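Work through the exercises below with the sequence and the 3D view at hand. Each task is followed by a solution in steps.

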Amino acid sequence: AMRQRLRRAGRRSRYRLRKQVVEPVFGQIKAARGFRQFLLRGLEKVKHEWALVCTAHNLTKLARAAAA
């Protein structure tokens, strides 16, 4: 059923577009950075911790792009 649904929807299928949205970034952060859980408590502290994780991820991508 899923194969037929993908064939009918074609290239603009929402399932195919998942590759282009932000979901891969979360997978990369979990897998490559090993970030599985927050270490701090409280919404404000978690926001800062998440900003730090995202900054590290983006800096790593920039350094890799500059080296290429």
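**Exercise 1.** What does the accessible surface of the chain come to, and what share of it belongs to carbon and sulfur atoms?

Solution. The model is a predicted one. Its chain has an accessible surface of about 6400 Å². Carbon and sulfur atoms account for 56% of that surface. Of the chain's 68 residues, 10% count as buried.

**Exercise 2.** How many helices and how many strands does the chain have?

Solution. There are 4 helices and 0 strands. Along the sequence this reads as the pattern α-α-α-α.

**Exercise 3.** Classify the ring pair of phenylalanine 35 and phenylalanine 38.

Solution. Step one: the ring centres lie 5.1 Å apart, and a pair needs centres within 6.5 Å. Step two: the planes stand at 80 degrees, and over 60 counts as edge-to-face. The pair is therefore edge-to-face. A search of the whole structure finds 4 aromatic pairs.

**Exercise 4.** Is phenylalanine 35 buried or exposed?

Solution. Its relative accessibility is 15%, and buried means under 20%. Phenylalanine 35 therefore counts as buried. Phenylalanine 38, at 36%, is partly exposed.

**Exercise 5.** Which parts of the chain does the pair of phenylalanine 35 and tryptophan 50 tie together?

Solution. Step one: this pair is tilted, with 5.9 Å from centre to centre and 50 degrees between the planes. Step two: phenylalanine 35 lies in the loop between helix H3 (23–32) and helix H4 (43–67), while tryptophan 50 lies in helix H4. The pair therefore ties together parts 15 residues apart in sequence. Tryptophan 50 is partly exposed, at 27% relative accessibility. Step three: ring pairs link Phe26, Phe35, Phe38 and Trp50 into a cluster.

Notes
Residues numbered from 1 in each chain as written. Predicted model: local features only at pLDDT ≥ 70, side-chain atom pairs only at ≥ 80, totals over all residues. Heavy atoms only, no water. Phe/Tyr/Trp six-rings, centres within 6.5 Å; stacked < 30°, edge-to-face > 60°. Buried < 20%, exposed > 50% of the residue type's maximum accessible area, 1.4 Å probe, protein only. Helix = DSSP H or I, 4+ residues; strand = E, 2+ residues; numbered from the N terminus. Areas by Shrake-Rupley, 256 points an atom, 1.4 Å probe, with all protein chains shown as cover.
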